Amino acid sequence: MTADRGHGVGRGTTNRNSRGGSDERRKRKLWLLDTFGDGIKAPCSYCQRMVDFDTISVDRYPIMGCDGGTYRRENIRPACRPCNASEGGKIGNARRMWRT
């Protein structure tokens, strides 16, 4: 049941998706920085560029998102945004070519 927001009808919207709410995403980033780095910075898993809280991107590995990988601690590692974005694109393109 959705909550009434004073409009008589609940919208049923939330600030959550498959990645979780903002608090869960913040905790995940902090865990990556603590586990893979010094708590403030950590190396990107691909290019070794140092990332911090503002520049870190959560990479799902070894089970990628397109294969049903989740954002659980055993399936994430730190990445810089350019590396994480380029890896997903490469995998998607390779799969599309393989299917045709």
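Guide: A charge sits over a ring if NZ of Lys or CZ of Arg is within 6 Å of the ring centre and within 35 degrees of the ring normal. By that criterion, the charged end of K29 sits over the ring of F53, at 4.9 Å from the ring centre. This is a predicted model, in which local features need pLDDT of at least 70 and side-chain atom pairs 80 or more, while totals for chains, interfaces and linings use all residues. Residues are numbered from 1 along each chain as its sequence is written, and side-chain values use heavy atoms, without hydrogens and water.

Rings may also pair with each other (centres within 6.5 Å; planes under 30 degrees apart are stacked, over 60 edge-to-face, the rest tilted). The whole structure contains one such aromatic pair. Its members are W31 and F36, whose ring centres are 6.3 Å apart; the planes meet at 85 degrees, so the arrangement is edge-to-face. F36 is partly exposed, at 38% relative accessible area (buried is under 20%, exposed over 50%, partly exposed in between, with a 1.4 Å probe and protein chains only).

A further ring, that of Y46, has R77 over its face, 4.8 Å from the ring centre. Strand β3, residues 56-60, runs antiparallel to β4 and is joined to it by five bridges (strands pair if DSSP finds at least two). R60 has I76 of β4 as its bridge partner.

Notes. Rings of Phe, Tyr and Trp (its six-membered ring) pair if their centres lie within 6.5 Å; planes under 30 degrees apart count as stacked, over 60 as edge-to-face and the rest as tilted. Helices (H or I, at least four residues) and strands (E, at least two) are DSSP runs, numbered from the N terminus.
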